[in-house]
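Hi there,

Here is the structure I promised to pass along. My notes on it follow below, with the cut-offs spelled out as each term comes up.

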Amino acid sequence: MGLTRADVEQQLAEMNGWTLTENDMIERVYEFQDFLTGIAFVKDMADYAEHVQHHPQIVIDHTNITVRLKTFDQNAITEKDLSAAAAFNEKYSAY
Ligand SMILES: C[C@H](O)[C@H](O)[C@H]1CNC2=NC(N)=NC(=O)C2=N1
């Protein structure tokens, strides 16, 4: 079920780096030492996305990887987005 902006903001307050955008997606920019390390992280996210069948938008800008999530099927932020965001933060902590 879709969450309200207030719900999302409350949950993001406890999640490092993630913000709610004006067009109702959640977003974080991850920074890396070099390009290929960022690409390895993209592969980690892709493996997760395929496993749970929930796929982020990813913008690769050299060492900055911007990740945005939304549940397009429901045109809303759902628990799936928050779970993916938490999983990506967990993976990032290994870099
Ligand atoms: C059938 C399949 O599970 C759906 O199309 C999934 C695939 N990945 C998805 N990813 C995202 N981010 N939002 C969705 O609504 C979505 N739907």
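Helices (H or I, at least four residues) and strands (E, at least two) are DSSP runs, numbered from the N terminus. With that convention, Thr 21 sits in the loop between strand S1 (19-20) and strand S2 (26-31).

Before going further, please keep in mind that this is a predicted model, where local features need pLDDT of at least 70, side-chain atom pairs count only at pLDDT 80 or more, and totals for chains, interfaces and linings use all residues. Residues are numbered from 1 along each chain as its sequence is written, and side-chain values use heavy atoms, with hydrogens and water left out.

Thr 21 is buried because its relative accessible area is 12%; buried means under 20%, exposed over 50%, and partly exposed in between (1.4 Å probe, protein chains only). The side chain of Thr 21 makes a polar contact of 2.6 Å with that of Asn 23. By polar contact I mean a pair of N or O atoms within 3.5 Å; within protein, one must be able to donate a hydrogen and the other to accept it, and residues adjacent in sequence count only if both atoms are side-chain atoms.

**Salt bridges**

How many salt bridges does the structure hold? There are 3, counting a side-chain nitrogen of Lys or Arg within 4 Å of a carboxyl oxygen of Asp or Glu.

- Asp 24 and Arg 5 pair at 2.5 Å, N to O. This links distant parts of the chain, 19 residues apart: Asp 24 is in the loop between S1 and S2, and Arg 5 is in helix H1 (residues 5-12). Asp 24 is partly exposed at 35% relative accessibility, and Arg 5 is partly exposed at 37%.
- Arg 68 and Glu 27 have their closest N and O atoms 2.7 Å apart. Arg 68 belongs to strand S4 (residues 64-69) and Glu 27 to strand S2, so this pair ties together parts that are 41 residues apart in sequence. Arg 68 is partly exposed, at 25%.
- Asp 47 and Lys 43 come to 2.9 Å between their closest N and O atoms. Both are in helix H2, 4 residues apart, about one turn of the helix. Asp 47 is partly exposed at 40%, as is Lys 43 at 48%.

**The ligand site**

Which residues are around the ligand? They are Gln 53, His 54, His 55, Lys 70, Thr 71, Phe 72 and Asp 73, taking a residue as near if one of its heavy atoms lies within 4 Å. A backbone N or O atom of Lys 70 is 2.9 Å from a ligand nitrogen. Backbone N or O atoms also lie 2.9 Å from a ligand oxygen for Phe 72 and for Asp 73. On its own the ligand exposes 390 Å², and the protein buries 65% of that; accessible areas come from the Shrake-Rupley method with a 1.4 Å probe, and for residues only the protein chains shown count as cover.

His 55, from this shell, is in the loop between H2 and S3 and is partly exposed at 37%.

**A nonpolar patch**

Finally, Phe 35, Leu 36, Ile 58 and Ile 60 make a nonpolar surface patch of about 360 Å². Helix H2 (35-52) and strand S3 (57-61) each give two or more residues to the patch. Patches are made of residues with over 30% relative accessible area and no salt bridge: like charges are joined within 9 Å, nonpolar side chains (Val, Leu, Ile, Met, Phe, Trp, Tyr) within 5 Å. Phe 35, in helix H2, is partly exposed at 39%.

Best wishes
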